[in-house]
Amino acid sequence: MDASGSRDANREYYDAFSAEYERERGNNDPGGYHELLDELEAGYVRRFGQGRDVLEVGCGTGLVLLRIREFARLARGVDLSPGMLAKAQARGLDVTLGSATELPFDSNQFDVTCSFKVLAHVPEIEKALSEMARVTRPGGMVLAEFYNPYSLRGLLKRLGPAGKIAAAANEHDVFTRFDSPARAKALTPPGCVFVGARGVRITIPSAKLMKNPLARRLFRAVERALCDSPFKRLAGFYVAAYEKRE
């Protein structure tokens, strides 16, 4: 499949997903599994983006972008799916239709460019990372989240059945890649330097366990304690941080 075919397939996947995307997210499951992930991801953006201009690539319905807007000077989002963007626009967010591999922004426009749970579905990942670096100002940060094969989640996703995402679609209907922490470092975009990472979902074997109030409190505490520790290399979601030097 060529690049345009892959984009079309991803757009159809996420448009179908948009109808069910928030069924167990946001206000429908406060304090739950997905909210924990959003907190840890947005918290990492805040480390570099407090009071600065931030772009989220693949913003979806805007749940993470909403958090970013609380601390950023400017919070913008871009997504391939009109269905997802309609929900983000309903939240009053500043979002634009576009592809991760052809970002519709000028060069050197943002202080922080981030992406969560999106690059794993982009075959041309080097091009997407290069685009994220292009729109980031020198001295700024590119934060890119990868699906880690060396994690509990990675093993379950690769060996288990495909999860249902819509009435007539499942996870096998979209391209998905897994890149190890070592591979994430090797993918450092030109003009950037790998400077660190955060791990998300290190200890949680199943999102369903977070339905139990006791397990929810335990996992929230443990994940927060370990996200910046050496155990981050075992996280299901590995967020690499690249500083743009030129």
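Predicted model: local features only at pLDDT ≥ 70, side-chain atom pairs only at ≥ 80, totals over all residues.
Q: What percentage of the 246 residues in the chain is buried?
A: The secondary structure of this chain comprises eight helices and nine strands. A residue counts as buried when its relative accessible area is under 20%. Of the 246 residues, the buried share is 53%.

Q: How many of the six residues of E4 are buried?
A: Strand E4 spans residues 110-115. The strand is largely enclosed by the rest of the structure, because its buried residues number six of the six.

Q: Is Thr-113 buried or exposed?
A: Thr-113 lies in strand E4. Beyond its neighbours within four places in sequence, Thr-113 is in contact with Leu-55, Val-57, Met-132, Val-135, Thr-136, Met-141, Val-142 and Leu-143. Its relative accessibility is 0%, and the cut-off is under 20%, so Thr-113 counts as buried.

Q: Which residue stands opposite Cys-114 of E4?
A: Strand E1, residues 53-57, pairs with E4 in the parallel sense over three bridges. Opposite Cys-114 in this arrangement stands Glu-56.

Q: In E5, which residue is the bridge partner of Ser-115?
A: E4 also pairs with strand E5, residues 136-147, in the parallel sense, over five bridges. In E5, the partner of Ser-115 is Ala-144.

Q: What is the handedness of the β-α-β crossover from E4 to E5?
A: E4 and E5 pair in the parallel sense. Between them the chain passes through H5, and the crossover is right-handed.

Q: Where is Lys-117, and what is its phi?
A: Lys-117 is placed in the loop between E4 and helix H5, the latter covering residues 125-134. Most residues other than glycine have a negative phi. Lys-117 is not a glycine, yet its phi is positive, at about 60°.

Q: Is Asn-108 buried, partly exposed or exposed?
A: Asn-108 is found in the loop between strand E3 (94-97) and strand E4 (110-115). Its phi, near 55°, is positive although the residue is not glycine. The relative accessible area is 37%, which lies between the limits of 20% and 50%, and therefore Asn-108 is partly exposed.

Q: What percentage of the accessible surface of the chain belongs to carbon and sulfur atoms?
A: The accessible surface of the chain comes to about 11,000 Å². The part belonging to carbon and sulfur atoms is 52%.

How values were computed: Residues numbered from 1 in each chain as written. Heavy atoms only, no water. Helix = DSSP H or I, 4+ residues; strand = E, 2+ residues; numbered from the N terminus. Buried < 20%, exposed > 50% of the residue type's maximum accessible area, 1.4 Å probe, protein only. Contact = heavy atoms within 4.5 Å. Pairing = 2+ DSSP bridges. Right-handed = clockwise from strand over helix to strand, strands pointing away. Areas by Shrake-Rupley, 256 points an atom, 1.4 Å probe, with all protein chains shown as cover.
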